[in-house]
Amino acid sequence: MGIALENVSYTYQEGTPLASTALSDISLTIEDGSYTALIGHTGSGKSTILQLLNGLLVPSQGSVQVFDTLITATSKNKDIRQIRKQVGLVFQFAENQLFEETVLKDVAFGPQNFGVSKDEAEKIAREKLGMVGIDESLFERSPFELSGGQMRRVAIAGILAMEPEILVLDEPTAGLDPLGRKELMSLFKQLHLSGMTIVLVTHLMDDVAEYADQVFIMEKGCVVKSGQPSDVFQDVAFMETVQLGVPKITAFCKRLADRGVSFKRLPIRIEEFKESLNG
């Protein structure tokens, strides 16, 4: 098991007049090696879950099990600090987290902060920068001189330099052009194929269909539906009710089905649609 949330609730500014409940009695399991998507509207609780996964927040009630570490309301930062190495969290607009004077120093900072020597940290940084497509000629440049897409890649390299077992992504391609988005999603796919567990928050149903093997749908701090994308997206009416919709090809095929075209199951990817035509 990778991560398990059991009866987790979370309230911001608990005990004050401004208290706001973000999660209500959530239980879910993210299996080791899976590619899990969390979807739902703004305010549904997705980002709160992401911060619980790597110990930035502790639950108000319930528990979060991350490998051998149990996080509860009484957990202390020193006891769960190691989780931030095991679970790498890439925030939306991750480039806002850059701060060092050179690209190489920025990526090497995380490993050094966990006790890795300067030389070894820089070796890891070079490897991860190459992995995300940053040319060696940029290593001694200020990260703030790079393009927006390059800065995003440097920030992701900084997370990968911690060599996490789980990578948690909060809208990682927000604001990128189509090519940049495609390249990053391909990178995450390769990381998953290499054995890394991926947790993705996205509003793009096509990405859920293309990459995820399980999906949790959230609304008002609760999980309202879960399963494999190929099953969840069959319920087009429900997905429209929660105003998330379905992949473009699924919506197209649903319109065809309403006009009498027969499908054993609604395709959720273009390849499945092509196969249904050939079948």
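Predicted model: local features only at pLDDT ≥ 70, side-chain atom pairs only at ≥ 80, totals over all residues.
**Exercise 1.** Work out the strand order of the open sheet and find its edge strands.

*Solution.* Start with the order: the four strands run S2-S1-S4-S5, with antiparallel pairing. Next, look for strands that pair on one side only, and you land on S2 (20-30) and S5 (69-71). From one strand to the next, the twist averages 25°. Now zoom in on S1 (residues 3-12) and S4 (residues 61-66), which are joined antiparallel over five bridges. Here Leu 5 sits opposite Val 64 of S4.

**Exercise 2.** Check the length of helix H7 (residues 178-193), then sort out its buried and exposed sides.

*Solution.* Now list the buried residues: Gly 180, Leu 184, Met 185, Leu 187, Phe 188, Leu 191 and His 192. These cover an arc of only 150° around the axis, so they lie on the same side of H7. Finally, ask what covers the buried residues: the cover includes S3, H5, H6, S7, S8 and H8.

**Exercise 3.** Find the residues with the most contacts inside the largest nonpolar core.

*Solution.* That core has 57 residues, and the top spots go to Leu 129, Leu 167, Phe 188 and Met 239. Helix H6 (residues 148-160) gives the most, with seven residues. Follow Leu 167 beyond its sequence neighbours within four places: its contacts include Ile 159, Leu 160, Phe 188 and Leu 191.

Methods: Residues numbered from 1 in each chain as written. Heavy atoms only, no water. Pairing = 2+ DSSP bridges. Helix = DSSP H or I, 4+ residues; strand = E, 2+ residues; numbered from the N terminus. Axes fitted to C-alpha atoms, helices over the stretch in contact; angles between N-to-C directions. Core = buried A, V, L, I, M, F, W, Y, C linked by side-chain atoms within 4.5 Å. Buried < 20%, exposed > 50% of the residue type's maximum accessible area, 1.4 Å probe, protein only. Contact = heavy atoms within 4.5 Å. Expected span 1.5 Å × (residues − 1). Arc of directions from axis to C-beta.
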